[in-house]
Amino acid sequence: MKAINTEHLTKYYGSKRGIVDVSLSVDKGDFFGFIGPNGAGKSTTIRTLLGLICPTSGSASVLGKDIIKDKTRVLASVGYMPSESSFYGTMKVKDLIAFSAKMRGIDCSVEAKKLCERLELDTERRVNELSFGNRKKVSIVCALQHNPELYILDEPTSGLDPLMQREFYAILRERNDNGATVFLSSHVLSEVSRYCKSAAVIREGRILVSDKVEKLGHTGVKRISLRTPAELPEIEGIKDIKRENENINFLYSGDIKALISELGRLPFEDINIADPDLEEVFIHYYAKEDN
């Protein structure tokens, strides 16, 4: 059974595009990154998966449950964290967290206390007294305290300082190691590269690619670093050229032997050929769509 499975999932808001023909498969126990810039369709996909909005066409299941017929059961099985949360501002943090657990009919007090301590969240303060980062922590505790099978997290680290981001991902890794599935959307590529096992890239509502993170870099593109005082000749396949003094960096897609032959005519002191990082891979996929 897949944790998440969608087939040609499409959502239009009137004539405006939400997502188009989204087909995704997320294995149980995966740590899955959903990559795309703001407006790409990440939140629309997530809200559709949770039954918060109805798809225009296509189908999807979450933990084997149909997102339309079994909406209530889907929500009961998932820890959902929206990109932006709205809370009752006059409630104390501890009361809000307890209220969230009560809505599920579960006593989560022990786990909630552990999470609040790890995230350094003051539970005696009222919500309207909290900074954006601390409200984000409240959202994290509400999503994680019931130890669900599946976490669906929409831009979860925005507003958290680097130390809290690290602690948050440490918690997710522990849950994932214990068998839970994590599905998170992000436009922070370093997060996806560091923590996720698999990922999908979405643009303008459509999936461009979905694979294991390490395989996403196997695009045939290489990152070349060259130290030379000479000007770089025009060579087909070279793009994203950046020069600082005698150091030239660029991406190359093509026959690497042909490139070396061309560069061999230059008076260079050093050359380095490496696989690009995830951010460069991301740019590669987007640039390919523009061509």
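Eight bridges join E1 to E2, and the two strands run antiparallel. Strands (E, at least two residues) and helices (H or I, at least four) are DSSP runs, numbered from the N terminus, and two strands count as paired if DSSP finds at least two bridges between them. The model is a predicted one, in which local features need pLDDT of at least 70 and side-chain atom pairs count only at pLDDT 80 or more, while totals for chains, interfaces and linings use all residues. Residues are numbered from 1 along each chain as its sequence is written, and side-chain values use heavy atoms, with hydrogens and water left out.

E4 in turn pairs with strand E5 (residues 65-66) in the antiparallel sense over two bridges, and Val-62 stands opposite Lys-65 in E5. The hairpin of E4 and E5 has two residues between the strands, and Leu-63 takes a positive phi near 55°.

Contact means heavy atoms within 4.5 Å; axes are lines fitted to C-alpha atoms, for helices over the stretch in contact, and angles run from 0 to 180 degrees between N-to-C directions.

Helix H1 contains Ser-43. Leaving aside residues up to four places away in sequence, Ser-43 touches Ser-83 and Asp-154. The side chains of Ser-43 and Asp-154 make a polar contact at 2.5 Å. A polar contact is a pair of N or O atoms within 3.5 Å; within protein, one must be able to donate a hydrogen and the other to accept it, and residues adjacent in sequence count only if both atoms are side-chain atoms.

A further open sheet has six strands in the order E6-E7-E8-E3-E9-E10, with mixed pairing. Strand E6 (78-81) and strand E10 (206-212) are at its edges with a single partner strand each, so one side of each has no neighbour in the sheet. Neighbouring strands of this sheet are turned by 15° against each other on average, direction ignored. Among its pairs, strand E7 (residues 150-154) and strand E8 (residues 181-186) are parallel over five bridges, with Leu-150 having Thr-181 in E8 as its bridge partner.

H5 lies across E6 and E7 and runs at about 170° to E6. Helix H5 (residues 132-144) also packs with helix H3 (residues 93-104), at an angle of about 30° and with the axes 9 Å apart. H3 is therefore roughly parallel to H5, a class that covers angles under 35 degrees. Val-93, Leu-96, Ile-97 and Ser-100 in H3 meet Val-138, Val-141 and Cys-142 in H5. By class, this contact has six nonpolar, one polar and no charged residues; Ala, Val, Leu, Ile, Met, Phe, Trp, Tyr, Cys and Pro count as nonpolar, Asp, Glu, Lys and Arg as charged, and the others, Gly among them, as polar.

Conventions. Angles under 35 degrees count as roughly parallel, over 145 as roughly antiparallel, 65 to 115 as roughly perpendicular and the rest as oblique.
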